[in-house]
Amino acid sequence: MTYTTLHITQIISATNSQKGIDSNIEHLITDSRKLLFPETSIFFAMQGQGRNGNNFIEHLYKKGVRNFIVDKNFNEAEKYINTNFLVVDNVLAALQTLATQHRKKFQFPIIGITGSNGKTVVKEWLYQLLGDDYNIVRSPKSYNSQVGVPLSVWRIQEGNDLGIFESGISQPNEMLNLQKIIDPEIGIVTFIGSAHAESFTSLEEKIKEKLLLFKNSKQLIFCADDEMLSNEVKNFIVTKNTSLQLFTWGKNINANCVVKEITKQAKSTTIICLHNTNEFSFTIPFTDDASIHNAITCCTTMLLLKINSADIAIKMQSLRPLAMRLELKQGINNCSIINDGYSVDLQSLDISLDFLAQQNQHEKRTIILSDVLQTGSETKNLYKQIAQALVNKNIYQLIGIGETISTQAAIFSSIQSTKFYPSTTAFLQNIQQHHFNNEVILLKGARIFHFEDISKVLEQK
């Protein structure tokens, strides 16, 4: 979807103090270190907690950024030519307003997740479990704050058919801002801890605030065994959302997903559930209670989405811990290996490239990248964006794996060294030709490409 500087000016009710070129805007920047595409980025110069966003404007201007959102305290606009300075009362509020308007353009189901713990795990596991059935947009990392949520929702694009966003709060009167931005159709409460944040007078007050995320939601998933949470949900339905339907899990026979038995083995856990009259079981490769709780939450969500129990059992076996992502390991020939080889999409690629850029132990940077699946973007445009991102992050060598990325080889001509293979097997058969030495190597691949096979070869034994 296309936004211009003029369009954004109207949405956030800003005044343009310089009136530069009316640019197409695709990327919202709140951190100057995250800049990848200066020509199509707009920077939000936010203030607070010892931070003054105005201090980064000159740096970004030199990098090519020509669109900025500032508050009325910024008085140096005349220093910059051909630049748009959109002046607002509150920069954070402007960011949230823009994301809210963007969210309203899309009608597919959005899942909103809140809780004291487990939000990111449940979100990432749902992405793993549902990735074959939906084209999912989700919060990157733990982007669940007043800034992180609007940046996450801005990533929604044509072609997505399911959104999964997490929402976190640290004090009262924050959740309603996030509710307007996410506006979830389906809600999930992961786990409410016994300790409450200092900003809340009680755990009940904290639960009440978190439930405001679901003010307009149609369905809510949570563990009905939590008596305090269950009571607060009942009160919430009476006072805030009388049409909210519950889809619960727990040991109580009245739950939608009844947990009949949990059996822990040495390295796995088998869970037997009953949904309607269908009894089924699934096994996860974890034994800790938090992972079991999160996995049952995911299972219940899949049941709500009409995924059949046989498919749930198969998918659950392949769950992976989040710790496997973005781990830096010692590789062969004095290389460093970053293994992020279970998923690839534009948003997670940005995160991986940021992590790669932080590694200063090697001058040479290599990325082994698979086809990017299920983006909703036109193929050539998608790989143009990827190529530009790689150039901006000073990637020395690209090894592309997959039939689609191989057909786009010409787009990557600006990268010093490139090589393409139709499959992971073909690459491994020719791996000796690459002579990896004294470089940092990012493995970024979709799960079906089995990049763990590459990692086993490249990691130092």
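**Salt bridges and a buried glutamine**

A salt bridge (a side-chain nitrogen of Lys or Arg within 4 Å of a carboxyl oxygen of Asp or Glu) joins Arg320 to Glu452, with the closest N and O atoms 3.8 Å apart. This pair links distant parts of the chain, 132 residues apart: Arg320 is in the loop between helix 10 (309-316) and strand 19 (327-330), and Glu452 is in helix 15 (residues 452-458). Helices (H or I, at least four residues) and strands (E, at least two) are DSSP runs numbered from the N terminus. The model is predicted: local features need pLDDT of at least 70, side-chain atom pairs count only at pLDDT 80 or more, and totals for chains, interfaces and linings use all residues. Residues are numbered from 1 along each chain as its sequence is written, and side-chain values use heavy atoms, leaving out hydrogens and water.

Relative accessible area (1.4 Å probe, protein chains only) is classed as buried under 20%, exposed over 50% and partly exposed in between. Arg320 is buried at 18%, while Glu452 is partly exposed at 23%.

The whole structure contains 17 salt bridges. Another of them pairs Arg138 with Glu124 at 3.1 Å, N to O. Arg138 belongs to strand 11 (residues 136-138) and Glu124 to helix 4 (residues 119-130), so the pair ties together parts 14 residues apart in sequence. Both Arg138 and Glu124 are buried. A network of salt bridges links Lys123, Glu124, Arg138 and Glu166.

Gln96, in helix 3 (residues 91-103), is buried at 10% relative accessibility. Leaving aside residues up to four places away in sequence, Gln96 contacts (heavy atoms within 4.5 Å) Gln146, Pro150, Asn177 and Ile181.
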